[in-house]
Amino acid sequence: MKAYTKVPPLPADRARALVLARQYVYNPWPDDVGSLIGHLGALQLDSIQVITRAHLHQLHTRLPRLREAGIIRALADAERQRHIFEYWSHAAAYLPVDDYRFARLRMDSIREGQNHWFEKNAKLCRFVLDRIRAEGPLRASDFVRAKGGWWTWSEEKKALEQLFHEGELMVSHREGFQKVFDLPERLLPATVETAAASPAEYGRYLVRTYLRAQGIGRTGEIGYLRKHDKPLVAGAVEEMLASGELAKRGEELVLVEDLECEPPPVPRKVRLLSPFDPLVLQRKRLKRLFDFDYQLECYVPAARRKFGYFCLPILYRDGFAGVVDLKADREAGILWIKALHWCETPKSGLLAGFNKALGDFARYHGLAAEGP
């Protein structure tokens, strides 16, 4: 194998500055929602709504000029105009529609029997697919719902989800947080390439997409939560190192065109990040680059929580200063500060930045911030 380019590692402060710049947490994204999702590669969805949906919070961090209602409209426009579509990345996410052919590999694998959440009921899948073909877009609630509420999935809902993961159905839009399913041929623009990319193309795509959005990374981080894709990522990294498309700065992978990249200075600002933000999502990476231990404790039994149910990481300059547990009371118009934990006693600059960030965050939601 051809020897690959290896140069001295980035100093820790420059590495952090590069990651922050590529993530657009301080410098606002200059274009629209669709192009931002294209840059990030995926915008993670999650059903938890203590303050707002995870994807809306992530967008607000990078599009601070828009209030919550404006972001919701912009996202709906991007989906309606089919600039983005909903599918599975490392988790449920909005993806750029131009990347549809890369999603096809997972769709095809699941259709061919790759392990999924539940056993396929082929007869019921044909039934729900025939109904949508004949009647148009439908939700799970348009079929028989099992007793027990939303979290007890009916067999029809399982069939809809199976067809969605196979690519036989797509999400047209959501009503509330319910998916509305329709046929791909009714939704995809005619210009979109629907044939699956090759495995080698897909591996390269994962590597380039990750490093474009994160600046630096390691093979395991690129394959994070992608059990079936890890061999493709590892193979792509080796091939791209050998071809000179990738280089190594110490132990960090970097696109060769970024070797001489000089990240801009990090501003003296504060950002309150979503627990699902791509900057903090990988906890081991977060510890390695920023020396910050963080855990989302909503999944931890109440008696074992140290900081609170839904603590947000507090980013200050190029480090993390603590966490704040917030909860939105929409009826009262208040963003409650349930708890605030600093890593170290904050100085005046950090306190001033935090108060401004908290006020901006509350106003974004149309709320007023109140202490415990």
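**Entry 1**

I started at Glu201, which is partly exposed at a relative accessible area of 36%. My scale: buried is under 20% relative accessible area, exposed is over 50%, and partly exposed lies in between, using a 1.4 Å probe and protein chains only. Before going on, I noted that this is a predicted model, where local features need pLDDT of at least 70, side-chain atom pairs count only at pLDDT 80 or more, and totals for chains, interfaces and linings use all residues. Residues are numbered from 1 along each chain as its sequence is written, and side-chain values use heavy atoms, with hydrogens and water left out.

Who does Glu201 pair with in a salt bridge? I found Arg101, with the closest N and O atoms 3.5 Å apart. I call it a salt bridge when a side-chain nitrogen of Lys or Arg is within 4 Å of a carboxyl oxygen of Asp or Glu. This one links distant parts of the chain: Glu201 belongs to helix H9 (residues 199–214) and Arg101 to helix H5 (residues 100–111), 100 residues apart. Helices (H or I, at least four residues) and strands (E, at least two) are DSSP runs, numbered from the N terminus. Arg101 is partly exposed too, at 23% relative accessibility.

I searched the whole structure and got 32 salt bridges. Arg104 is buried, with a relative accessible area of 12%.

Next I checked Lys179, which bridges to Glu161 with the closest N and O atoms 3.1 Å apart. Lys179 is in strand S7 and Glu161 in helix H7, so this pair ties together parts 18 residues apart in sequence. Buried or exposed? Lys179 and Glu161 are both buried.

I also noted a network of salt bridges linking Arg218, Glu221, Glu252, Arg285 and Arg288.

Strand S6 (residues 170–175) runs antiparallel to S7, and 5 bridges join them; I count two strands as paired if DSSP finds at least two bridges between them. His173 has Val180 in S7 as its bridge partner. The hairpin has 2 residues between the strands, and Gly176 there takes a positive phi near 70°.

**Entry 1: helix H6**

H6 (residues 122–135) has 14 residues and reaches 20 Å from first C-alpha to last, close to the 20 Å expected at 1.5 Å a residue. That expected span is 1.5 Å times one less than the number of residues. Which residues of H6 are buried? I listed Leu124, Cys125, Val128, Leu129 and Ile132. They cover an arc of only 130° around the axis, so they fall on the same side of H6; the arc is taken over directions from the helix axis to the C-beta atoms.

The face turned away from that side carries the exposed residues Lys123, Arg126 and Ala134. Cover over the buried residues includes strand S5 (138–139), helix H7 (155–166), strand S7 (178–182) and helix H8 (184–187). Gly136 follows H6 with a positive phi, near 100°.

**Entry 2: Leu281**

Last stop was Leu281, in the loop between strand S10 (270–272) and helix H12 (283–290). At 13% relative accessibility, Leu281 counts as buried. Leaving aside neighbours within four places in sequence, Leu281 is in contact (heavy atoms within 4.5 Å) with Gln44, His90, Tyr224, Pro275 and Phe276.
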